Amino acid sequence: MGGHSSKGHFQRTQLVTTYKGALENKYDMIKEVGKGAQGTTWLVRSKFNPDEQMVAKETLTKTDEGRQEFLKEFEKMRALEHPNIAKVIELVEGTTPNGTQQLFVISELAPGSDLYKYMQTMMEDRAELSEQWIAAVFKQAMAGVSYLHAQNITHNDLKPDNILVMKGFNKSDPNMIPDVVINDFGCANHVSESIACGDPRYCPPEAWRATILPYLQIPGEEDAPDPQHIKINNKVDVWSMGATLFELLSGGKLPFLYKPCRLQEFCNSIKDTGGPFHEMKNGVLAPDAVKVRTHCPNCSVEVCDLIKLMLEKDVNKRPLARTVLEHKWFDIEGMPLDASTKQMLHLRTSKGVAHSILMNALALKVHRDHYDECKAIFNEADEDHSGTIDQAEFVKAATKLKLLGRGTDVNLSSTGSEITISTKEASKWFESIDIDKTGDINFNEFLAMSFDWSKLSAKELEGNLKKLFSDLDADGNGLIDINELRATFQGVVEDEEIDILMSTCSRNGVELSLDEVKSFLFDEGSNRSYTDHMQKVVTHKAKKRKEAIEENCCVGGVFVCLSAILIWKCWLTPGL
């Protein structure tokens with residue numbers, strides 16, 4: 001570790017790159033897996049790692065407006081980094097040999113499909129679908145929602161269809177707790193933007209009054225409150241998640257309708273005053289509370305209480321997402337973090353800003369199957385459920401979870417059996433991990449400095465390195481030059497550090513090969529010269545800063561003395 005100076009803030013979103021070229025150059029198209037009005041979804045395979053499959057979503061719209069909406073959703077997704085948010089990998093923008101324009105968003109594959117379908121598969125296989133299992137999965141989804149809200153983003157379309165399961169159902173381990181993520185940000189908005197209504201079956205009363213009814217101009221609703229005076233905030237997501245939980249525990253029933261109903265059937269009944277649309281509208285807008293016990297008779301008292309809280313019709317009484325995560329129902333699933341997990345994970349020393357940025361870029365390539373330990377530690381450190389770790393949480397976790405253990409250069413002290421570190425030392429680590437200088441560490445920043453890369457096979461590591469190298473190698477010539485590094489570092493790495501990297505890690509001093517990038521990232525011995533050079537630069541700059549401070553103090557002292565003499569003379573001399 002060590003101090004590094006920089007010229008600005010690093011934009012993490014740029015680590016999720018845009019590839020200018022045909023999809024076929026980087027991916028093999030396996031099969032079409034979905035097609036709708038807005039686009040086609042393909043299952044694709046990476047050419048850098050044939051064992052890794054991903055999803056490519058292509059927009060079919062040819063209008064500028066449609067393309068901008070597609071790109072807007074991509075920008076939303078690439079700004080989000082959390083283990084329970086679907087990970088977008090890159091944007092592919094190019095032209096096929098026959099001249100057809102392409103626009104694809106590449107994202108991680110969800111082998112288990114959406115949550116409701118996964119649960120149906122479990123029941124078809126006669127697996128035990130317990131409340132404990134649902135609690136464990138639902139808690140992950142709520143953690144993703146809480147993170148979104150901490151980023152001032154409202155999803156607006158939460159439902160079982162948009163909660164993806166990241167592992168396929170395993171008959172040999174039917175009660176496995178899979179990772180789940182929040183997906184589909186087409187209706188998501190920032191707190192400063194207007195609300196975009198999603199699936200009305202999962203909307204709260206305030207969304208019905210402010211968006212659904214005014215939009216449809218339904219007869220008989222003329223006396224409804226003025227939509228402009230209705231308060232809508234991110235608690236719409238809490239209601240939607242409450243409706244989702246009700247549906248999961250009741251066997252597919254929707255709250256306030258109290259029976260299953262597909263979206264198409266629901267929307268087709270708008271003109272039928274006795275149909276499900278109006279039946280739900282009347283139930284949601286009436287003052288009566290949701291009937292949980294009637295339709296979830298075998299559920300615990302705790303989960304019934306939680307559903308009632310989340311489906312509270314008074315938005316002011318409805319809890320925040322982070323408050324939901326503190327509910328006692330989740331204790332049914334709560335198990336202490338395994339001690340061996342804590343012992344396995346330690347943060348590692350960074351060689352400099354350049355090293356930290358490249359490790360962050362590489363961490364984005366890691367498949368989620370490999371980082372369970374990192375995710376468990378991160379979640380335990382994130383005490384306020386914001387989806388990020390602030391400095392106070394980091395200092396506390398560094399001691400409690402012994403993050404700064406073997407292999408680090410931090411001085412540890414023991415008090416009995418308790419290992420502690422100074423706030424100063426922990427703060428230095430925090431600053432080196434927080435590469436975008438936001439004052440918080442997000443999951444990918446934490447993963448970059450804590451992941452045990454030895455867990456990957458040589459083939460997997462090589463595949464991830466090739467993907468990273470391809471992102472850096474803008475001209476595709478198989479080498480990375482100084483200008484390509486500067487573009488990656490966005491001006492936050494000083495030229496002096498880039499020059500040292502090139503002179504100590506590159507054989508020709510001006511370009512880096514794939515093997516040289518790998519050596520820089522992982523080979524401590526071969527890069528001792530780089531580390532030594534960087535330490536000399538840091539020491540030299542610290543010395544210069546100290547001399548400048550002392551010189552300023554000296555000049556300041558002389559100025560104070562001369563000023564005092566002048567004032568004294570003025571006081572002694574009449575008329576001055």
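Trainee: Hi! Is tyrosine 258 buried or exposed?

Mentor: Tyrosine 258 is buried, with a relative accessible area of 19%. Buried means under 20% relative accessible area, exposed means over 50%, and partly exposed is in between (1.4 Å probe, protein chains only).

Trainee: Before I go on, what am I looking at?

Mentor: This is a predicted model, where local features need pLDDT of at least 70 and side-chain atom pairs count only at pLDDT 80 or more, while totals for chains, interfaces and linings use all residues. Residues are numbered from 1 along each chain as its sequence is written, and side-chain values use heavy atoms, with hydrogens and water left out.

Trainee: Thanks. Where is tyrosine 258 found?

Mentor: Tyrosine 258 lies in the loop between helix H5 (235–250) and H6. Helices (H or I, at least four residues) and strands (E, at least two) are DSSP runs, numbered from the N terminus.

Trainee: And what phi does tyrosine 258 have?

Mentor: A positive one, about 65 degrees, although tyrosine 258 is not a glycine. Most residues other than glycine have a negative phi. Glutamine 490 also isn't a glycine and has a positive phi, of about 55 degrees.

Trainee: Where does glutamine 490 sit?

Mentor: In the loop between helix H18 (482–489) and helix H19 (495–505). Glutamine 490 is partly exposed, with a relative accessible area of 26%.

Trainee: Back to the rings. Which residues do ring pairs link into a cluster?

Mentor: Trp239, Phe246, Phe256 and Tyr258. Rings of Phe, Tyr and Trp (its six-membered ring) pair if their centres lie within 6.5 Å; planes under 30 degrees apart count as stacked, over 60 as edge-to-face and the rest as tilted.

Trainee: How many aromatic pairs does a search of the whole structure find?

Mentor: It finds 15. One of them is tryptophan 208 with phenylalanine 277, a tilted pair at 5.2 Å centre to centre with 55 degrees between the planes. That pair links distant parts of the chain, with tryptophan 208 in helix H4 (residues 205–216) and phenylalanine 277 in helix H7 (residues 276–285), 69 residues apart. Both tryptophan 208 and phenylalanine 277 are buried.

Trainee: What about phenylalanine 266 and phenylalanine 277, how far apart are their ring centres?

Mentor: They are 5.3 Å apart with the planes at 55 degrees, so that pair is tilted. Phenylalanine 266 is in helix H6 (residues 263–268), 11 residues from phenylalanine 277 in helix H7. Phenylalanine 266 is buried, as is phenylalanine 277.

Trainee: Which ring does the charged end of lysine 26 sit over?

Mentor: The ring of tyrosine 19, with the charged end 5.0 Å from its centre. The rule is that NZ of Lys or CZ of Arg is within 6 Å of the ring centre and within 35 degrees of the ring normal.

Trainee: New topic: serine 300. Where is it?

Mentor: Serine 300 is in the loop between helix H8 (292–295) and helix H9 (301–310). Serine 300 counts as buried, at 18% relative accessibility.

Trainee: What does the side chain of serine 300 reach?

Mentor: The backbone nitrogen of valine 303, at 3.2 Å. A polar contact of 2.4 Å also joins the side chains of serine 300 and glutamate 131. A polar contact is a pair of N or O atoms within 3.5 Å; within protein, one must be able to donate a hydrogen and the other to accept it, and residues adjacent in sequence count only if both atoms are side-chain atoms. Leaving aside neighbours within four places in sequence, serine 300 is in contact (heavy atoms within 4.5 Å) with Glu131, Arg293 and Trp329.

Trainee: How many disulfides are there?

Mentor: The count is 0, a disulfide being a pair of cysteine sulfur atoms within 2.5 Å. The sulfur of cysteine 296 is 4.6 Å from the closest cysteine sulfur, in cysteine 299, which is too far for a bond. Cysteine 296 is buried, with a relative accessible area of 2%.

Trainee: Last one: why is helix H16 called largely enclosed?

Mentor: Because 8 of the 8 residues of helix H16 (residues 443–450) are buried. The buried residues of H16 pack against several elements, including helix H12 (353–363) and helix H15 (423–433). At the start of H16, a side-chain oxygen of asparagine 442 reaches to within 3.2 Å of the backbone nitrogen of asparagine 444.
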